[in-house]
Amino acid sequence: MPMKRNFARDLKKGDTVDDAFFIAERYYGKKNVEYLIFNLQDKTGVIRGKIFDNIDKYIGIKEHSFVWVKGTVEEYQGRPEIRISEITEVEPKAVKREDFVLTSKRNLDQMVKEVLGYCAQVENPFLAQLLNSFFSDPEFLAQFRECPAAKRAHQAYLGGLLEHTVYLGRLVQAAKEIYPEEFDFSLLMTGALLHDIGKIKEYEYDVDINLSTQGKLIGHICLGYAMVREKIREIKDFPADLADKTLHLILASHGELEQGSPVLPKIPEAFFLYHIDNLDAKLAMVRELKEKPKKNNFWSEYHKLLETDIYFG
Ligand SMILES: [Fe+2]
Ligand SMILES: [Fe+2]
């Protein structure tokens, strides 16, 4: 199989496409006649492809398979899409998986470095040891590095959790200057770095992201709670009160019972963590809307979780 050259993010009107993609979604459209729509994914993004002729011939091509696509790029409602002339399935073994998995645009190694820098800022020896028990474990770090932040909602790509954690680390650092007296910064930083680690067990991803059975049955808050509790138990003389506060930060991170937190934030650090977690997730949603096609020029599509559309005029 030749090396991939046509990447979704770079395609523009007039380009010729002759390359492999992963079918993220496949459905029918209708405008006078029925046609087939394929949402074609690679590591850089998703581009829509349409096929109008002889669609019976292509009905057997399934979602979540790899395909070879020939066609030309046209523009529809201000957004590039591929008018497909030919689409054929290719063997999963024949492609390089990394070319097709949606991945953060940011450099993963650099973000890992930044997170390790935040770990090093934690002064409390017990919390430093706790962080070390996770982040100096190469197996954990490899999983943490790649984990998505969600299946769909925000940062649903490899490196998404890492990106989210980096932003929270930065916000905690900023808080040190803005509210120097308000928080125990060792505790707050530890909470920011560990609050979502349950996600490494919540998601399964090969090319697309899915919830694991454990993720569906237990969820990342409880999974993360259990992971942290286990490590705390291994640390000699870890103060009981500090253990409870650390675990509370994870449990209260969604801030509301309806959002999956079994307790509401009850210490200052938990209150702050809940708000920055929510802030970063919402900003990521807005950022992702900005990249999507707009209605009436400047307005995004309605976003279910944000409960509004966003103006980018
Ligand atoms: Fe979470
Ligand atoms: Fe989070």
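Residues are numbered from 1 along each chain as written, chains are lettered from A, and ligands are numbered from 1 in written order. Because the model is predicted, local features need pLDDT of at least 70 and side-chain atom pairs count only at pLDDT 80 or more, while totals for chains, interfaces and linings use all residues.

A closed barrel of five strands, in the order 1-2-3-5-4 and with mixed pairing, comes next; strands are DSSP runs of E with at least two residues, helices are runs of H or I with at least four, and both are numbered from the N terminus. Pairing takes at least two DSSP bridges between two strands. From one strand to the next the twist averages 45 degrees, using axes fitted to C-alpha atoms and angles from 0 to 180 degrees between N-to-C directions. Strand 4 and strand 5 (residues 79–90) run antiparallel over 11 bridges, and here glutamate 74 faces glutamate 81 of strand 5.

Aspartate 53 belongs to the loop that links strand 3 (45–51) and strand 4 (66–76). Aspartate 53 counts as exposed because 11 other C-beta atoms lie within 10 Å; the cut-offs are 12 or fewer for exposed, 20 or more for buried and partly exposed in between, with C-beta atoms placed from the backbone.

On to the cores, meaning sets of buried Ala, Val, Leu, Ile, Met, Phe, Trp, Tyr and Cys residues joined through C-beta atoms within 7 Å. The largest has 43 residues, and those with the most contacts inside it are Leu188, Met189, Ala192, Leu193, Ile250 and Leu273. Helices supplying at least two residues each to this core include helix 1 (108–120), helix 4 (160–178) and helix 10 (268–291). A separate core of 21 residues has Leu11, Phe22, Ile23 and Ile87 among its members.

Beyond its neighbours within four places in sequence, leucine 193 touches Val115, Tyr118, Cys119, Leu131, Thr165 and Gly169, contact being C-beta atoms within 7 Å.

Definitions and conventions
Contact = placed C-beta atoms within 7 Å.
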